[in-house]
Amino acid sequence: MNYRDASEYYARFGVDTDAAIKRVSEIPVSIHCWQGDDVRGFENPDGDLTGGIQTTGNYPGRARSISELREYFDLATSLIPGKKRINLHAIYLDNGGEYVGRCDIEPKHFDSWIDWAKVRGLGIDFNPTCFSHKMSESGLTLSSPDKEVRDFWIEHCKRSREIAAYIGKRLGNTVITNYWVPDGYKDTPADRYGTRRRLEESLDEIFREPVSPEYNKDAVEGKVFGIGVESFTSGSNDFYLGYAVKNQILLTLDAGHFHPTEVISDKISTALLFAPEILLHVSRPVRWDSDHVVIYDDELRAIACEILRTGEEGRVHIGLDYFDASINRIAAWVIGTRNMQKALLYAALEPSALLREYEVSGDFTSRLALMEELKTFPFTEVWRHYCETQNVPYDGEWLAAVKEHEHQILSKA
């Protein structure tokens with residue numbers, strides 16, 4: 001079967017494959033820089049990771065400089081279809097080789113990233129880095145009872161927000177800035193309310209000054225638990241759901257930040273009803289928030305289907321969040337991002353109107369039958385055509401470029 005045959009097959013169910021491809025090609029996916037260097041950054045690349053952040057594996061080729069990281073990213077994006085963005089943490093500043101503290105970072109430290117992104121037509125997203133620092137050693141940052149600690153991280157987040165707005169203005173492309181803190185307690189706390197009250201007050205101070213949504217939009221990210229904070233997390237999902245709705249900012253849903261039996265695909269429709277927009281961190285938890293490389297599984301397809309079924313993809317920002325040091329890091333980017341793109345295309349090819357018609361009429365038999373049969377529709381031919389129109393290799397063809405780079409560059413680093 002070729003693309004023309006596949007297109008005619010889908011048309012029998014009211015699906016325009018050309019329109020589906022166009023729709024998906026316009027949905028940006030934000031690719032996380034930290035997969036390329038194991039969340040080290042350039043503030044202190046040899047420092048220890050803290051705050052529940054862990055990478056495992058020692059595959060050769062970890063990016064050791066901004067130029068290497070950008071080189072790796074260029075190769076990865078040349079193998080991925082669709083519209084792409086890069087997601088930066090504050091520790092990925094260009095400090096010219098000199099140490100710049102978290103509360104000393106300025107917009108100028110990201111000028112080279114802006115220039116690089118402009119040439120490539122990329123958007124940029126941003127994150128303050130509230131971990132791996134002496135001021136986060138207690139396990140508490142914005143919710144710390146120590147005012148000095150809270151003020152330090154408030155200042156860092158304010159500066160990060162200022163940088164994000166600067167990036168957005170220079171690029172003419174809105175930056176999504178995500179706020180996640182590792183705060184919590186290893187054992188049962190005596191004052192949950194007070195801890196969360198301090199977190200709320202800190203956030204209120206960070207967001208006190210208005211910033212044009214044309215340049216920056218703020219998102220807050222919850223978590224069920226973390227390593228070292230197993231008993232209590234200050235910024236729980238309930239806390240941030242309430243905060244985002246109350247303050248009408250973005251809510252971040254991370255696929256690994258819920259209980260093992262929970263999935264974020266079921267939460268998207270609810271969040272869109274009450275929050276102005278949402279940010280997704282698409283990851284793959286294995287028994288916990290392990291941040292495995294995203295695979296083309298049932299939940300990934302469900303996430304994509306929920307986004308597109310709402311017709312509100314303009315209010316849903318898709319970012320990836322995983323890091324694997326046991327395999328080629330460039331390949332990890334390509335595998336995960338191509339899978340996200342596959343899932344979006346699969347969702348765009350779903351005859352949603354027909355399925356809703358079955359549902360509303362009570363014909364659940366037809367609904368189930370069609371949902372199951374969609375799994376074996378000629379999707380691969382449409383995916384192949386999408387890759388061709390985007391001038392990227394089809395499945396089974398892209399890995400050779402990564403392996404050649406590994407042979408020529410990584411093995412000699």
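Predicted model: local features only at pLDDT ≥ 70, side-chain atom pairs only at ≥ 80, totals over all residues.
Who's touching whom? On the H11 side we've got Leu-354, Leu-355, Tyr-358 and Glu-359, and they meet Phe-364, Ser-366, Arg-367, Leu-370 and Met-371 in H12.

Now compare another pair. Helix H4, residues 111-120, packs on helix H5, residues 147-171, at an angle of about 35°, and the axes are 10 Å apart. The crossing of H4 past H5 is right-handed. From H4, the contact takes in Asp-111, Ile-114, Asp-115, Ala-117 and Lys-118; from H5, it's Tyr-166, Ile-167, Arg-170 and Leu-171. By class, that contact has 5 nonpolar residues, 4 charged and no polar ones.

In soluble globular proteins, nonpolar side chains tend to be buried together. Here, the largest nonpolar core has 74 residues, and Ile-278, Leu-280 and Met-340 have the most contacts inside it. Helix H10, residues 329-348, is the top contributor to this core, with 8 residues.

So what does Met-340 touch, if we don't count residues up to four places away in sequence? That would be Val-29, Val-282, Leu-300, Ala-304, Ile-318 and Leu-320.

And there's another core lying apart from that one, with 46 residues, including Trp-34, Ile-91, Ala-164 and Val-334.

Methods:
Residues numbered from 1 in each chain as written. Heavy atoms only, no water. Contact = heavy atoms within 4.5 Å. Helix = DSSP H or I, 4+ residues; strand = E, 2+ residues; numbered from the N terminus. Core = buried A, V, L, I, M, F, W, Y, C linked by side-chain atoms within 4.5 Å. Buried < 20%, exposed > 50% of the residue type's maximum accessible area, 1.4 Å probe, protein only. Axes fitted to C-alpha atoms, helices over the stretch in contact; angles between N-to-C directions. Left-handed = near helix turned anticlockwise from the far one by under 90°. Nonpolar A, V, L, I, M, F, W, Y, C, P; charged D, E, K, R; others polar.
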